[in-house]
Amino acid sequence: MTTATRKIACVYCGGRGRDPFNLLSALATCQVCGGGGTVSVGSPAVRCAFCKGTGIFPRGARITCSVCGGRGKVAVRGSTSTCPGCKGSGRSVDSGLPCPPCGGKGVVRKR
């Protein structure tokens, strides 16, 4: 089964194609979009619950979100409902890391 994809503006760099933190230089390309300003995401997609759609890992202000890979959106398949483990936050109550039942998406597949 193939998954449909669509192009969206890179949320990590704001679509500019440059490293948003200027770590190496002001001319360094964005590590998520490779300098193109857009990324592909599976469709249908929802806002990443773990990073709240920012693409930035919540605890490490300069690294990409481990759930969405810095895209700010995650693909979902089929009918979904709010994750009962994290109540849709995408975060494990104990550790603040991605919720194991939903993988940080905040939604689980309906059974």
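Biologist: Is C102 buried or exposed?
Modeller: C102 is buried, at 9% relative accessibility. Buried means under 20% relative accessible area, exposed over 50%, and partly exposed in between, with a 1.4 Å probe and protein chains only. This is a predicted model, where local features need pLDDT of at least 70, side-chain atom pairs count only at pLDDT 80 or more, and totals for chains, interfaces and linings use all residues. Residues are numbered from 1 along each chain as its sequence is written, and side-chain values use heavy atoms, with hydrogens and water left out.

Biologist: Which cysteine sulfur is closest to that of C102?
Modeller: The one in C86, 3.8 Å away, which is too far for a bond. A disulfide here is a pair of cysteine sulfur atoms within 2.5 Å.

Biologist: And C86, buried or exposed?
Modeller: C86 is buried as well, at 7%.

Biologist: How many disulfides in the whole structure?
Modeller: The search finds 0.

Biologist: Switching topic. What makes up the largest nonpolar core?
Modeller: It has 10 residues, among them I8, C10, V32, C33 and V39. Such a core is a set of buried Ala, Val, Leu, Ile, Met, Phe, Trp, Tyr and Cys residues joined through side-chain atoms within 4.5 Å. A second, separate core of 8 residues includes C51, F57, C65 and C68.

Biologist: Where is R16?
Modeller: R16 is in the loop between strand 1 (5–9) and strand 2 (38–42); strands are DSSP E runs of at least two residues, numbered from the N terminus. R16 is exposed, at 59% relative accessibility.

How values were computed. Helix = DSSP H or I, 4+ residues; strand = E, 2+ residues; numbered from the N terminus.
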